[in-house]
Amino acid sequence: MSDPIEFEGATPRFSLPLLFAGQAQKEFFVNEALLRADLVLHGAIEGETQTPPSAPAIGQAWLVGPAPTGVFAGRPGVIAGWTGDGWRFVEPRDGLRVFDRGAQAFRLYSGGWRFAATPAAPSGGATVDAEARATIVSILERLADAGVFAAS
């Protein structure tokens, strides 16, 4: 399914389809909502790409880059997930956080996607405390290991 489905009744944040009284084929709407929620709950992406991967595995997702092509065209910055039935797209909202497997770090959406900036290791100064510097470097390394900062 390459074209997104538009729903008249949807949740305000992630446009998950809502059921309405007397609705036929409720399972279609419930399944669509579950597929979209599956993309963003404890979300992980493979990385960022402009073009749809040629052989994605079911459940894999990517961040669509700023100049998308193919079925990603016109959808920069969205999360695109392969479901086996086609691509599902989720528009990010401020506060959405996903783990970027390629960068081994978390990305945060706040008006745009970003990684946490890695602070520079201490250097220079009139008085050098080697133990304090070693501790700071160790803290920075542990934060990178935890995915707070992108691996360098």
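This is a short tour of the structure, one selection at a time. Keep in mind that you're looking at a predicted model.

**The whole chain.** Start with everything shown as a cartoon. Trace the chain from the N terminus and the elements come up as α-β-β-β-β-β-β-β-β-α. Of the 152 residues, 30% count as buried.

**The open sheet.** Next, select strands E1, E6, E7 and E8. These 4 strands form an open sheet, in the order E1-E6-E7-E8, with mixed pairing. Which strands stand at the edges? Look at E1 (44-45) and E8 (113-115): each has a single partner strand, so one side of each is left without a neighbour in the sheet.

**One pair up close.** Zoom in on residues 97-100, which make up strand E6, and residues 105-109, which make up strand E7. The two pair in the antiparallel sense, over 4 bridges. To see how they line up, pick Arg97 and look across to E7: Leu108 stands opposite.

**A greasy spot outside.** Finally, select Leu19, Val30 and Leu34. Together they form a nonpolar patch on the surface, with about 260 Å² of accessible area. Click on Leu34, and you'll land in helix H1, which covers residues 26-40. Is Leu34 buried or exposed? Its relative accessible area is 54%, and exposed means over 50%, so Leu34 counts as exposed.

Notes:
Residues are numbered from 1 along each chain as its sequence is written. This is a predicted model: local features need pLDDT of at least 70, side-chain atom pairs count only at pLDDT 80 or more; totals for chains, interfaces and linings use all residues. Side-chain values use heavy atoms; hydrogens and water are left out. Buried means under 20% relative accessible area, exposed over 50%, partly exposed in between (1.4 Å probe, protein chains only). Two strands pair if DSSP finds at least two bridges between them. Patches are made of residues with over 30% relative accessible area and no salt bridge: like charges are joined within 9 Å, nonpolar side chains (Val, Leu, Ile, Met, Phe, Trp, Tyr) within 5 Å. Accessible areas come from the Shrake-Rupley method with a 1.4 Å probe; for residues, only the protein chains shown count as cover. A salt bridge is a side-chain nitrogen of Lys or Arg within 4 Å of a carboxyl oxygen of Asp or Glu.
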